[in-house]
Amino acid sequence: MCNNCKSKKEVLILEQIIDIRRLRQDLYDYFGTGAFAVSPAMILEADKIKRLSDEEIIIKAEEEGFDLSRYVI
């Protein structure tokens, strides 16, 4: 967690502050949409997103190809 962050929903990564709340919501939307368009099993992934730590959200976003620079505050 970042001591200089404005709120507990911001994470410092490589000297940049990431809007983790927005990133989490976008990941949730990504998997939720996939559940209807691709595979119903993706709804389970969407549910997991709600329980991931801030650091795990960043890792998951990178695994899914999200551009973290879009979330820099």
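1. Lys48 counts as partly exposed, its relative accessibility being 39%. The classes used here are buried for under 20% relative accessible area, exposed for over 50%, and partly exposed in between, computed with a 1.4 Å probe on protein chains only. The model is a predicted one, in which local features need pLDDT of at least 70 and side-chain atom pairs count only at pLDDT 80 or more, whereas totals for chains, interfaces and linings use all residues. Residues are numbered from 1 along each chain as its sequence is written, and side-chain values use heavy atoms, with hydrogens and water left out.

2. The side chain of Lys48 meets that of Glu45 in a salt bridge, at 3.3 Å from N to O. The term denotes a side-chain nitrogen of Lys or Arg within 4 Å of a carboxyl oxygen of Asp or Glu. Glu45 and Lys48 are three residues apart in helix α2 (residues 42-49), and therefore about one helical turn separates them. Helices are DSSP runs (H or I, at least four residues), as are strands (E, at least two), and both are numbered from the N terminus.

3. Glu45 is itself partly exposed, with a relative accessible area of 22%. Glu45 also forms a salt bridge with Lys60, where the closest N and O atoms are 3.1 Å apart. Because Glu45 lies in helix α2 and Lys60 in helix α3, this pair ties together parts that are 15 residues apart in sequence. Lys60 is buried, at a relative accessible area of 17%.

4. A search of the whole structure finds four salt bridges. Among them is the one between the side chains of Asp47 and Arg51, at 2.8 Å from N to O. Asp47 counts as partly exposed at 36% relative accessibility, while Arg51 counts as exposed at 59%.

5. In α3, the buried residues include Lys60, together with Asp54, Ile57, Ile58 and Ala61. These residues cover an arc of only 165 degrees around the axis, which puts them on the same side of α3. The arc is that of the directions from the helix axis to the C-beta atoms. Just after α3, Gly65 takes a positive phi of about 85 degrees.

6. Two aromatic pairs are found in a search of the whole structure. In one of them, the rings of Tyr30 and Phe31 have centres 5.0 Å apart and planes at 75 degrees, so the pair is edge-to-face. Rings of Phe, Tyr and Trp (its six-membered ring) pair if their centres lie within 6.5 Å; planes under 30 degrees apart count as stacked, over 60 as edge-to-face and the rest as tilted. Tyr30 counts as partly exposed at 36% relative accessibility, whereas Phe31 counts as buried at 4%.

7. Tyr30 also forms an edge-to-face aromatic pair with Phe66, at 5.5 Å centre to centre and 85 degrees between the planes. This pair links distant parts of the chain, with Tyr30 in helix α1 (residues 20-37) and Phe66 in the segment after α3 (54-63), 36 residues apart. Phe66 is buried, with a relative accessible area of 18%. Tyr30, Phe31 and Phe66 form one aromatic cluster.
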